Amino acid sequence: MKRSRRAVLLGTLATLALGATACSSSSSNPLDGGSGAAAGAAATGGDSGSTVVVGSANFPENVLLGSIYSQALKAKGVKVEEKFNIGSREVLYGQLQSGNLTVLPEYNGSLLAYLDAKATAVTTQDVNAALTKTLPASLGILDSSPAEDKDSLSVTQEAADKYNLKSISDLAAKAGEFTIGGPPEFKSRREQQFKDVYGLTFKEWKPTADTTANALKDGSIQVGNVFTTDPKIVQYKLVPLTDPKNVFGAQNVTPLVSKAGVNATATAALNAVSAKLDTAGLTALMKRVAVDKEDPSAVAKDWLKANGLG
């Protein structure tokens, strides 16, 4: 569900995902739906006395999100069983279909690519519309959060201030002087796309892989392909540039549910989490988990309490 982690943990999912998942980070993975998607799942309430089984993939960010979902449900009186650190999407999706799991924290773009390798949707709205059509009748997505774990082009805060860089479009005037870093495959997947979409021709492309954020910090590159919830964004004060032309497709954190297992109370609790969770907030939480080595359950509890959901 994450860059190299997505490619490994989610099988070939990330590789197929519109060629969009190409980076490295030490956080963990990406959905955003509208009221229509939420209504589809909310309309099928489960038995109020049944147990909701919340699962997660086996990487820190997804475990954290699973804990947030679980505790938010418990706070509303829902009976919950936790099954975290299960494995890849192939395993998780099958468990949800079989009814062994009820709720999963998902990433809409990666999930769509898993279900339909030829999908071309890139915006949150289009991705979720495609998911709603593609998912089997027994499964549904609830409201997506603004939080996205996705590729970005990031720069240091110093560079952002010096060159007034807020968007990828703003790189046009300086790209010819900048070296860009990312995983080994990043150049072959993205060089032409950046030229075509944003008119960017970089001075040099360096294969920096998992050291991309560090390379930005030490100045050996000026632009880096860093995932948006990588804790090093906070740790090193990096600035992910906005992507108004959607080179990187949507990867919003979104609950994927077995419709028969969630009632109106559970749906409302999960949608309330999505309404509050954003990328900056998730990145800050991941710093506590991945860098400060705090317990994900305790971090989740703090966030829920701070947002009036615990």
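Predicted model: local features only at pLDDT ≥ 70, side-chain atom pairs only at ≥ 80, totals over all residues.
Let's start with the rings. A pair of aromatic rings is described by how far apart the centres are and by the angle between the planes. This structure holds eight aromatic pairs. Take Tyr-93 and Tyr-114: their ring centres are 5.7 Å apart and their planes sit at 65°, so this pair is edge-to-face, as angles over 60 degrees get that label. The two partners come from distant parts of the chain, 21 residues apart, with Tyr-93 in helix H5 (residues 89–98) and Tyr-114 in helix H6 (residues 108–115). Tyr-93 is buried, at a relative accessible area of 8%, whereas Tyr-114, at 27%, counts as partly exposed, because the cut-off for buried is under 20%.

Now look at Phe-186 and Trp-205. Their centres are also given as 5.7 Å apart, but with 50° between the planes this pair is tilted. Phe-186 belongs to helix H9 (residues 186–198) and Trp-205 to strand S7 (residues 204–207), so the pair ties together parts of the chain that are 19 residues apart in sequence. Phe-186 is buried, with a relative accessible area of 1%, and Trp-205 counts as buried too, at 14%. These two rings also belong to a cluster, in which ring pairs link Phe-186, Phe-194, Phe-202, Trp-205 and Phe-248.

Stay with H9 for a moment. Which residues of H9 are buried? They are Phe-186, Arg-190, Phe-194 and Tyr-198. If you look down the axis of H9, its buried residues fall within an arc of 45°, so they line one face of the helix. Ser-188 and Asp-196, on the other side of H9, are exposed. What do the buried residues of H9 pack against? Their partners are strand S5 (153–156), strand S6 (179–182), S7 and strand S8 (223–225). After H9 comes Gly-199, which has a positive phi, near 70°.

Finally, find helix H4 (residues 60–75) and helix H14 (residues 296–306). They pack with their axes 8 Å apart, at an angle of about 50°. H4 and H14 are therefore oblique to each other, and H4 passes H14 in a right-handed crossing. On the H4 side, the contact is made by Val-63, Leu-64, Ser-67, Ile-68, Gln-71 and Ala-72. H14 brings residues including Pro-296, Val-299, Trp-303 and Leu-304 to this contact.

Conventions: Residues numbered from 1 in each chain as written. Heavy atoms only, no water. Phe/Tyr/Trp six-rings, centres within 6.5 Å; stacked < 30°, edge-to-face > 60°. Helix = DSSP H or I, 4+ residues; strand = E, 2+ residues; numbered from the N terminus. Buried < 20%, exposed > 50% of the residue type's maximum accessible area, 1.4 Å probe, protein only. Arc of directions from axis to C-beta. Contact = heavy atoms within 4.5 Å. Axes fitted to C-alpha atoms, helices over the stretch in contact; angles between N-to-C directions. Parallel < 35°, antiparallel > 145°, perpendicular 65-115°, else oblique. Left-handed = near helix turned anticlockwise from the far one by under 90°.
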